[in-house]
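Trainee: Could you take one residue of this protein and walk me through its surroundings with some care, setting it against the chain as a whole?

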Amino acid sequence: MSKPVLVVMAAGMGSRYGGLKQIDPVDKEGEIIIDFSIYDAVKAGFEKIVFIIKKENEGDFRAAIGDRMGDKVEVVYVFQDLHNLPEGYEVPEGRVKPWGTGHAIMSCIGEIDGPFAVINADDYYGRNAFKMAYDFLSNTDDEDGVYQYMMVGYKLENTLTDNGHVARGVCVTDEEGYLKDINERTHIEKKNGGAAYTEDDGETWVELPVDSTVSMNMWGFGASILGELKDRFSPFLDENLAKNPLKCEYFLPFVVDELLKEEKATVKVLKSMDKWYGVTYKEDKPVVVAAIQKMKDEGLYPQKLWEEK
């Protein structure tokens, strides 16, 4: 079996935050959130990182990331291109929005031929998540034609911000910890000492238990997912281009959900008790900076990550 690879989705610009938030420093040493994920991934055993970026951001990413960690881990760049469509399809006039996370992962076809983990560039996941992912991917093969995938789940209360709403996939698991369903909730807030979501711009709210397991887009797959994403993209376009040509998105969890319903895959949910950190809003940054410094002071990370050989 090939060694697991880490794929980092970094093509988004972070519209709510403004600017290229993935390369915005979170400590006085100039390190960024993804530095800590890569550091944790290397410690867990990952030796190759594939960054999915926009072609126009390549220079910024090489300067901010690859040049500093290239001697610690193999770094590869692939590009999510709006025009990367199946034969016979064209980008709708006026569309600038990327095609979504499922389309982003398709950018890795040709670069990956074995197991891989997927994360967001702008989320802090914690060391334990990378260790669990690497161990699962290193020791799991498909069984009887059924794909064996994984997802790291977090407690909802560990993934909320004080500064606005977040989008999370709320997970339903069976008694053995396998994923049965993900309910995408695009507007979750802290509310009345707990959490709640709205689907009608705040007209009504539905409470969510704060210990609910949620997805932070940390997945583990075999190479089989690449073929499934490619095969299902044209039917997605056929169904959605007519309805929402400028904004429809091909989301990775939707394809996973289809595979679960077809009984073509299982997804083991590995639960992390770590606290998530991310800069969803500008006001989140001081919280993240303080948390990172506290972890350094406690010895979880060296004061300068990449000084270690």
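Mentor: What follows looks at N217 and then at the chain around it. This is a predicted model, in which local features need pLDDT of at least 70, side-chain atom pairs count only at pLDDT 80 or more, and totals for chains, interfaces and linings use all residues. Residues are numbered from 1 along each chain as its sequence is written, and side-chain values use heavy atoms, with hydrogens and water left out.

N217 sits in strand β11, which covers residues 213-221; strands (E, at least two residues) and helices (H or I, at least four) are DSSP runs numbered from the N terminus. With a relative accessible area of 17%, N217 is buried, since that term means under 20% relative accessible area with a 1.4 Å probe, protein chains only. The side chain of N217 makes a polar contact at 3.2 Å with the side chain of W219, a polar contact being a pair of N or O atoms within 3.5 Å where, within protein, one must be able to donate a hydrogen and the other to accept it, and where residues adjacent in sequence count only if both atoms are side-chain atoms. Once neighbours within four places in sequence are set aside, N217 is in contact (heavy atoms within 4.5 Å) with M9, T101, V118, I119, N120, Y125 and P253.

As for the whole, the protein chain has seven helices and 13 strands, and 53% of its 309 residues count as buried. Among contacts in the chain with a separation of 6 or more, 75% are between residues 24 or more positions apart. Along its principal axes, the C-alpha trace spans about 50 × 45 × 45 Å.

Definitions and conventions. Buried means under 20% relative accessible area, exposed over 50%, partly exposed in between (1.4 Å probe, protein chains only).
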